[in-house]
Amino acid sequence: MATPEASQRVGLLFGSFNPIHTGHLILANFMATRTDLSAVWLVVSPQSPFKVEEELLPEAARLSLVELAIAGNDRLRALDVEFTMPRPSYTIDTLDELRRQHPGTEFVLITGGDNLAGLPRWKGAERLRTELDVYVYPRPGFAVDVLPDWPRVRVVEAPLLDISATFIRHSLQAGASIRYLVPDDVAQEIEAKGYWQR
Ligand SMILES: Nc1ncnc2c1ncn2[C@@H]1O[C@H](COP(=O)(O)OP(=O)(O)OP(=O)(O)O)[C@@H](O)[C@H]1O
Ligand SMILES: O=C(O)c1ccc[n+]([C@@H]2O[C@H](COP(=O)([O-])O)[C@@H](O)[C@H]2O)c1
């Protein structure tokens with residue numbers, strides 16, 4: 001008899017989450033509730049391969065903010081699987097690890113439209129192209145028809161969200177309010193810890 005996990009299709013949203021914001025949350029919840037996915041796991045990457053960020057919060061702090069943000073949403077889960085893996089964090093390696101840990105689960109890669117054009121340069125791109133369904137959430141300013149050779153890419157029709165972690169960090173550095181750009185609990189924690197504030 002099939003176990004509940006055997007039929008599960010889970011979306012993986014990889015990110016720096018520096019910090020998590022409402023854009024991530026709307027995206028993740030949209031994928032978890034309006035597609036064939038039963039859940040979305042937010043994978044916090046200690047170090048994204050292409051990103052050189054000077055103001056990267058320690059991964060444990062970023063994970064904590066993700067956990068605060070998704071508390072109470074049964075369809076979302078935060079993962080620290082990359083914390084004990086080599087850096088930078090390559091998605092194909094994490095995918096292999098998660099497939100090993102969850103043999104009954106079928107994983108789908110979720111990404112924002114800004115990362116789509118770069119996918120062919122990711123480690124193991126040919127495996128990603130052929131082995132995975134990729135669900136894309138469009139992002140303002142980025143074309144989504146850039147990978148005609150990736151037949152497993154599917155772009156969802158969803159409201160565009162012009163929110164980024166960069167904007168949150170810059171707002172904090174400028175002393176501007178980030179209310180509603182991140183959940184209240186996250187804003188309070190950022191303020192209490194003084195993250196990105198000068
Ligand atoms: N507003 C958004 N619309 C669509 N996708 C998004 C949005 N914000 C983040 N994403 C996607 O979420 C994933 C993780 O993003 P990430 O943690 O790098 O956040 P970010 O806001 O892009 O950060 P930064 O501004 O620091 O570059 C990526 O696939 C990214 O494309
Ligand atoms: O595996 C790769 O080669 C690869 C290259 C670029 C980005 N990624 C992953 O994509 C996620 C989002 O990337 P970024 O740079 O927008 O934060 C992040 O978690 C990275 O680990 C992965």
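Modeller: His 170 belongs to helix α5 (helices, H or I of at least four residues, and strands, E of at least two, are DSSP runs numbered from the N terminus). This is a predicted model, in which local features need pLDDT of at least 70 and side-chain atom pairs count only at pLDDT 80 or more, while totals for chains, interfaces and linings use all residues. Residues are numbered from 1 along each chain as its sequence is written, and chains are lettered from A and ligands numbered from 1 in the order in which they are written.

Asp 149 stands 21 residues from His 170 in sequence, yet the two C-alpha atoms are 37 Å apart in space.

Ligand 1 is surrounded by 19 residues, the closest being Gly 15, Gly 23, Gly 112, Ala 165 and Thr 166 (a residue counts as near if its C-beta atom, placed from the backbone, lies within 6 Å of the molecule or strand). Two or more residues of this shell come from each of β1, α1 (22-34), β4 (106-112) and α5 (165-173). Helix α1 supplies the largest share, three residues. By class, the shell around ligand 1 is made up of seven nonpolar, ten polar and two charged residues (Ala, Val, Leu, Ile, Met, Phe, Trp, Tyr, Cys and Pro are nonpolar, Asp, Glu, Lys and Arg charged, and the others, Gly among them, polar).

Strand β1 is mostly covered, with six of its seven residues buried. It pairs with β4 in the parallel sense over five bridges (pairing requires that DSSP find at least two bridges between the strands). Leu 12 has Leu 109 of β4 as its bridge partner. With strand β2 (residues 39-44), β1 forms another parallel pairing, over six bridges, and here Gly 15, one of the residues closest to ligand 1, stands opposite Val 44. Together, β1, α1 and β2 make a right-handed β-α-β unit (viewed with the strands pointing away, the path from the first strand over the helix to the second runs clockwise). The loop between β1 and α1 contains Pro 19, which is joined to Asn 18 by a cis peptide bond with omega about 0°.

Strand β4 is largely enclosed by the rest of the structure, because five of its seven residues are buried. Its Phe 107 stands opposite Val 10. Strand β4 also pairs in the parallel sense with strand β5 (residues 133-137), over five bridges, and Val 108 has Asp 133 in β5 as its bridge partner. From β4 the chain crosses through helix α4 (residues 125-131) to β5 in a right-handed β-α-β crossover.

The loop between β3 (76-79) and α3 holds Pro 88, and the peptide bond from Arg 87 to Pro 88 is cis, with omega near 0°.

Returning to α5, the loop between this helix and α6 (184-193) contains Tyr 180. Although not a glycine, Tyr 180 has a positive phi of about 75°; this residue is exposed because 10 other C-beta atoms lie within 10 Å. In the segment after α6 lies Trp 196, a residue other than glycine whose phi is also positive, near 60°. Trp 196 is partly exposed, with 18 other C-beta atoms within 10 Å.

As to confidence, the mean pLDDT of the protein (the predictor's confidence in each residue, from 0 to 100) is 95, and 96% of its residues reach 70 or more. Residues 1-5 have a pLDDT below 50, and beyond near neighbours in sequence this stretch has five contacts in the model (C-beta atoms, placed from the backbone, within 7 Å). Where pLDDT is low, predicted coordinates should not be read in detail. The model scores ipTM 0.99 and pTM 0.97.

Terms used. A residue is buried if 20 or more other C-beta atoms lie within 10 Å of its own, exposed if 12 or fewer, and partly exposed in between; C-beta atoms are placed from the backbone. Two residues are in contact if their C-beta atoms, placed from the backbone, lie within 7 Å.
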